[in-house]
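Here is a short report on one protein model. Look at the structure first, then read on.

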Amino acid sequence: MALTIFILRLVVYILAFPMYLLNFLGFWGWICKKCFPHFLVRFSETYNKQMASQKRELFSNLQAFQGPSGKLSLLEVGCGTGTNFKFYPPGCRVTCIDPNPNFEKFLIKSLAENRHLQFERFLVAAGENMRPVASGSMDVVVCTLVLCSVESQEQILREVCRVLRPVMEKMSSDNQWSADEDEGQLSRLIRKSRDSPFVPVGIAGFMTVVSYGLYKLKYRRDQKISIHLIHMRVAAQGFVVGAVTLGVLYSMYKDYIRPRFFNVSKK
């Protein structure tokens, strides 16, 4: 077993050696920045087809945040190839920021396909340090598929708060948020359990298998403790993996298969 693991690790090291070498020589970052926009163009087409309805709903109320000038000033952090441009409202003044300068030519192409927007400028900078953007100059900040890859989420959120225009108007009494309306821990847990029912099932099954295995520990007879614990662990992990797999299949059915058949029958 140890020999097999050693051989597999050696194969991985051999396959990854060119990347380590390029990174050591300082070329890997340059290659990634050059190639990534071309990959993202193809990925964005598929991504937009899958997420079109969700994006329309997400960006449907952007116009409500426009400033005193009557035009919406929007900053997109990590703009990429301009995947979100088609979902922005007409007349929107868009400023883009991304640490990769190779996205600019793809942005120009995307803007040519979305002439309902008013493009301001493209800034080469990281989201954690948006100094070229003046404080309080933006009505909306859009950030999609970015926070998972930044160096500091806390710093980028600070910068987002800095560049956003402060809202001085008071909220109406109908829309006033109250701490009493905040969702409690128990209700949040119940809601998440309803959204993903197989997660609590997997946890409950795991605890049941482990409890039963510990209970049967004294009745193992001549079986070694290590063998008994291995069987118990495999059974518990198998239950969890099975529950997670069923949960993924259920989510795919609920989000993709059922809506498609429902829409077809409705037509």
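Which side chain meets that of arginine 158 in a salt bridge? The side chain of glutamate 154 does, at 2.6 Å, N to O.

## About the model

This is a predicted model: local features need pLDDT of at least 70, side-chain atom pairs count only at pLDDT 80 or more, and totals for chains, interfaces and linings use all residues. Residues are numbered from 1 along each chain as its sequence is written, and side-chain values use heavy atoms, with hydrogens and water left out.

## Salt bridges

The structure holds three salt bridges. The term means a side-chain nitrogen of Lys or Arg within 4 Å of a carboxyl oxygen of Asp or Glu. Arginine 158 and glutamate 154 both lie in helix α4, four residues apart, about one turn of the helix. Helices are DSSP runs (H or I, at least four residues), as are strands (E, at least two), numbered from the N terminus. Glutamate 154 is exposed, at 53% relative accessible area. Arginine 158 is partly exposed, at 46%. Here buried means under 20% relative accessible area, exposed over 50%, and partly exposed in between (1.4 Å probe, protein chains only).

Glutamate 159 and arginine 162 form another salt bridge, at 3.1 Å, N to O. Glutamate 159 is buried, at 9%, whereas arginine 162 is partly exposed, at 26%. Aspartate 139 also pairs with arginine 165, at 2.6 Å, N to O. This pair links distant parts of the chain, 26 residues apart. Aspartate 139 sits in the loop between β3 (118-124) and β4 (140-142). Arginine 165 sits in the loop between α4 (153-163) and α5 (185-195).

## The largest pocket

The largest pocket has a volume of about 690 Å³. A pocket is an open set of points on a 1 Å grid over the protein atoms alone, where a 1.4 Å probe fits, with protein on both sides within 12 Å along at least five of seven lines; lining residues have an atom within 4 Å of a point. The volume is the space filled by probe spheres set on the points, which are joined across faces, edges and corners.

This pocket has 32 lining residues. Among those closest to its centre are Gly78 and Asp98. Helix α2 gives the most to the lining, with eight residues.

## The second largest pocket

The second largest pocket has a volume of about 470 Å³. Its lining has 18 residues, and Glu45 and Thr81 are among the closest to its centre. The largest share, seven residues, comes from α2.
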